[in-house]
Amino acid sequence: MKSSNRHQDKICFSEKIIKSSSKYCENATSISISSSVCEIEEGIFFHSMNLKSISVDSDNSHFASSHQILFTKGFKKLLCFPPKHPFSTYSIPTSVTSIGNSAFGYCSNLQSITIPTSVTSIGNYAFQSCSNL
């Protein structure tokens, strides 16, 4: 990781594996994932209550982002919809077949989510504490 300041607004990850021991995201509003990251532990951003956006380097061969939302490459699995993302409604892309653990956790702005029939798996606590859904 390029920075370990817990009070930083923007965090840039560059190590190959991001694990839950990387607790530097708690106050981040923006996270950037470099091309070298090849593994992200599910639910890693669960306690990032101020997170508004996640961006992934377009050269990353394992992860992607669209509209500042984190997916696996190819958009098969939605990994994290940031808790403070500005969208009040969201339609999950039809390419998505699974929703990760805690993927929408604490998304207080969301009032409506459209889940396509392509989704066959929803992870534990995927919609935990989404107070306006």
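How many helices and strands does the protein chain have? The protein chain of this predicted model has zero helices and twelve strands, where helices (H or I, at least four residues) and strands (E, at least two) are DSSP runs numbered from the N terminus. Local features need pLDDT of at least 70 and side-chain atom pairs count only at pLDDT 80 or more, while totals for chains, interfaces and linings use all residues. Residues are numbered from 1 along each chain as its sequence is written, and side-chain values use heavy atoms, with hydrogens and water left out.

**View 1. Nonpolar cores of the protein chain.** A nonpolar core is a set of buried Ala, Val, Leu, Ile, Met, Phe, Trp, Tyr and Cys residues joined through side-chain atoms within 4.5 Å. Buried means under 20% relative accessible area, exposed over 50%, and partly exposed in between (1.4 Å probe, protein chains only). Buried residues account for 41% of the 133 residues in the protein chain. The largest core has 16 residues, of which L78, F81, Y90, I92, I99, F104 and L110 touch the most other members. Another core, of 14 residues, lies apart from it and includes F45, V56, L70 and L79.

View 2. Rings of Phe, Tyr and Trp (its six-membered ring) pair if their centres lie within 6.5 Å; planes under 30 degrees apart count as stacked, over 60 as edge-to-face and the rest as tilted. The count comes to six aromatic pairs. The F87 and Y90 rings are stacked, because their centres are 6.2 Å apart and their planes at 25°. F87 is partly exposed at 28% relative accessible area, and Y90 is buried at 7%. F104 and F127 also form a stacked pair, with centres 5.1 Å apart and planes at 15°. F104 lies in the loop between strand 10 (98-99) and strand 11, and F127 in the segment after strand 12 (121-122), so this pair ties together parts 23 residues apart in sequence. Ring pairs link F81, F87, Y90, F104 and F127 into a cluster.

**View 3. S32 and its partner S55.** S32 lies in strand 3 (residues 30-33) and is buried, with a relative accessible area of 14%. Its side chain makes a polar contact of 3.3 Å with that of S55. A polar contact is a pair of N or O atoms within 3.5 Å; within protein, one must be able to donate a hydrogen and the other to accept it, and residues adjacent in sequence count only if both atoms are side-chain atoms.
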